[in-house]
Amino acid sequence: MSPTSHTPNGASPASGQAAASAAAPRRTEFSPERMAKFHDYAEEYPNKRSALMMVLRLAEEEFGSITDEAMEITADLCDVSVAHVQGMVTFYTHFKRPFHGKHRFMVCATLMCALENNTDAALIQIKDRLGIAPGERTADGLFSCEKVECLADCDKPPVVQCDNEHFCSMKGPVLEAYLDKLLKDEGKPADAYKGKAPVEMDPRVPTLPVHYNFEGETEQGARRFDDKDPYLKAGEGALTTDVPGPLATPLTVPVADGVNGKGSTSNGRNGHDRAGGNQVNGKNGAKHV
Amino acid sequence: MSDANKPNPAGSGDVPPQKKADESAAQKAAGSPQPAPVAAGAANAAATPPSAAAPAPAAAPADPKPKVPFSPILTKHINEPDSHTLAHYQARGGYETAKAHIGVTDPGALIKLVDDSGLRGRGGAGFPTGKKWSFLAKGTGKPIYLAVNGDESEPGTFKDRYILEKDPHQLVEGVILTCFAIGSKHAFIYLRGEFILGFQRLDAAVQEAKAKGFVGKKIFGKDVDLTITVVRGAGAYICGEETGMLSSIEGGRGYPKIKPPFPAVSGLFGCPTIVNNVETISAVTHIVKNGAAWHKQWGTEKSPGFKIFCLSGAVKKPGVYEVPLGITMREMIDQYGGGLKDGRKLKAVIPGGLSAPVLTPEMVEKCTLDYESLASLGSMLGSGGITVLDEQVDMISAIYNTMRFYHHESCGQCTPCREGTGWLEKVAHRFHHNEGHQGDVELLGDIAKNMRGRTICVLADAAAMPMQSYLQHFKKDFEAKVKETAFVEKQRTYRDEITPTAKTITATGAGPSALEVGSNQGTQRSGENKDRG
């Protein structure tokens, strides 16, 4: 039970946080209460490695998110390599990472929530208030937004998780009140993020791309592939074209315009272009001519 | 956390209204008893005419059983305040069953009891629980583990959430009984990471039981030890697969393992392991308490008992409803779910979680909610997550969303799944944007067919099955979105050139004989020569 024999420069993974952690002395273990909890786990589990899931949760609590430092400590405590811990953290999507905002919005985008534009309603509302689309973070790092897969509360869509809390039917006034509360807690005015440009989260973050919308796209007709398309490289156009007309306009739209432009054109990113036009009826079998 | 369970959520100060699933359930419950007895939790559904008429569906003539009135069992108390506490559970006779059986009854008799009850796994596969227990490798000298699967990651399913958040002690008691029956001293309960409240409540329940001496060393004063460990996952669909879950408990990525050896022979840490769903284990508590015959009075011949169904989608009253197996799908949708919203028309029903093949309205008419009926319709009961899709839903969007889910959740171990789910998603993506290529419908079917049965676990099948059923029942929707393009046309021509079909060979004079007598080596060679020439 001597997991603290840690060499500071031992197995540290290449990280962007090296500078930050160099300033403060490197920590080699959790706070005493969490270490006590860890020892409980170590006794209960058949081996230390199997306690890894729970120890990572401890690390998440301790550091607020799973930083590289947290991963190193966890690896030491559980007798596994840092690479293994990193593999775990990147495999499981629910762990909070440093590139997530302090308040991490996770909006369920799976079929049951996406029906009747529920997911979109929540996302549009978050975008309106905080200026962040899925995969983005406010520049001050306070808020981030993600689309995630099923959160298992499908009868009350849309389901949103934030700050280790679970919310259902999270749209309209309920979500508005929650956003108000969060902004107030952070001492920000209600319109703090109006017109502020968001930043993209770490590209490694396993979120669903912003254009992955369930509904609404058909009403505008065929969407042009844009530079955010995961199957095309940036700047590469779509392979299929219907009429020569649209070719006159560029196939790719600058990211900033696409992200912020509320009134962008039909070949822009259409994640939230339809804020005003939730034509529920229009989507059924709407054929592009 | 306990105040989240108060019936009046308006009083819970600093949190927004509708915080947590249970508050909104409590809201529904508060409003429901008088006008609409079918609450979200179905707790009050017992006395209503629909459930009294339930167990004799017209579509199941093979069931000669008399009607037995059913009232919810697993979800009976979920709308009561503090139902998750030990005091509440003991006040309604909790842990009495375990007390009576632990260290007293012969474990073999308990296994036989569960086997006789005909209880089938409620997690999705529907494997008989008693049988599974009897497969356990004996005399290996290794410890035996029980792993309870509370990952509940199948979209459309949220039944375990209610058990874990509202009545976790019945699960703990079930675990105690099960462990005694199979001779296990250590049980793991694996919950998905998204069950925040469920984890807190279950962990608290285990601690409470520990303090009372129901869990730990020498439980109930008998010479039986039991440790219960609650593990919280972190958001991976694949950990709902039993061996994936075991990998996760072992402290690795949730990679499923090759079967055989089945977990009952070599599971957790290489030791014999029984894996059961939360609902199954909870049902064990009640079966041991009331007997096998009691359990068999409901349901059908081959699917006895009751099950929690999760109703979502375009129905007026979505929620969890505990009903005897064998009621009709129509009854579930119309009487429990209150029919479709705004008088919309039914388009399709996903009967058992997202991976279950869809049912068309015609199939829904003859569908009853039991394992056999759904299997005969080419679908499955699965985890009991019923999603109702109305006429407004664009089926192409729905399948695209589904494929995106599976692509995102594929663990990446097996190529057919890792690549196949991606391909399905890409092609569905084309259809979704009205840019389907000629031949894409066939391509989708081809990919789906080649994914099935070729991977370690069934995630590939889970992705391929809905795709195949959508293609079968909604082919027109796909075809309406095909758009032929010059590029594809060119590609096709090129493909035809490099792989000549019989027709083109005939046309070019090679003659069909070369193909027909292809088994003859000599002819084959001469055929090759001809090609070169």
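**Chat on a predicted two-chain model**

Me: How much of chain A is buried?
Reply: Of its 289 residues, 55% count as buried, meaning under 20% relative accessible area, with exposed over 50% and partly exposed in between (1.4 Å probe, protein chains only). This is a predicted model, in which local features need pLDDT of at least 70 and side-chain atom pairs count only at pLDDT 80 or more, while totals for chains, interfaces and linings use all residues. Residues are numbered from 1 along each chain as its sequence is written, and chains are lettered from A in the order in which they are written.

Me: And what share of chain B is buried?
Reply: In chain B, buried residues make up 60% of the 533 residues.

Me: How many helices and strands does chain B have?
Reply: Chain B has 24 helices and 8 strands. Helices (H or I, at least four residues) and strands (E, at least two) are DSSP runs, numbered from the N terminus.

Me: In what order do the strands of the open sheet in chain B stand?
Reply: The order of the 4 strands is β3-β2-β1-β4, with parallel pairing; two strands pair if DSSP finds at least two bridges between them. Because β3 (227-232) and β4 (273-277) of chain B each have a single partner strand, one side of each is left without a neighbour in the sheet.

Me: How many bridges join β2 to β3 there?
Reply: Strand β2 (residues 186-191) of chain B is joined to β3(B) by 6 bridges. Within this pair, L191(B) has R232(B) as its bridge partner in β3(B).

Me: Which helix packs on that sheet?
Reply: Helix α9 (residues 196-211) of chain B does, touching β2 and β3 of chain B. A contact means heavy atoms within 4.5 Å. The direction of α9 makes about 165° with that of β3(B); axes are lines fitted to C-alpha atoms, for helices over the stretch in contact, and angles run from 0 to 180 degrees between N-to-C directions.

Me: Changing topic, where is the cis peptide bond in chain A?
Reply: The bond from P157(A) to P158(A) is cis, with omega near -10°. P158(A) sits in the loop between β3 (143-148) and β4 (160-162) of chain A.

Me: What is the phi of K218(B)?
Reply: K218(B) has a positive phi of about 50° although it is not a glycine. Most residues other than glycine have a negative phi.

Notes
Side-chain values use heavy atoms; hydrogens and water are left out.
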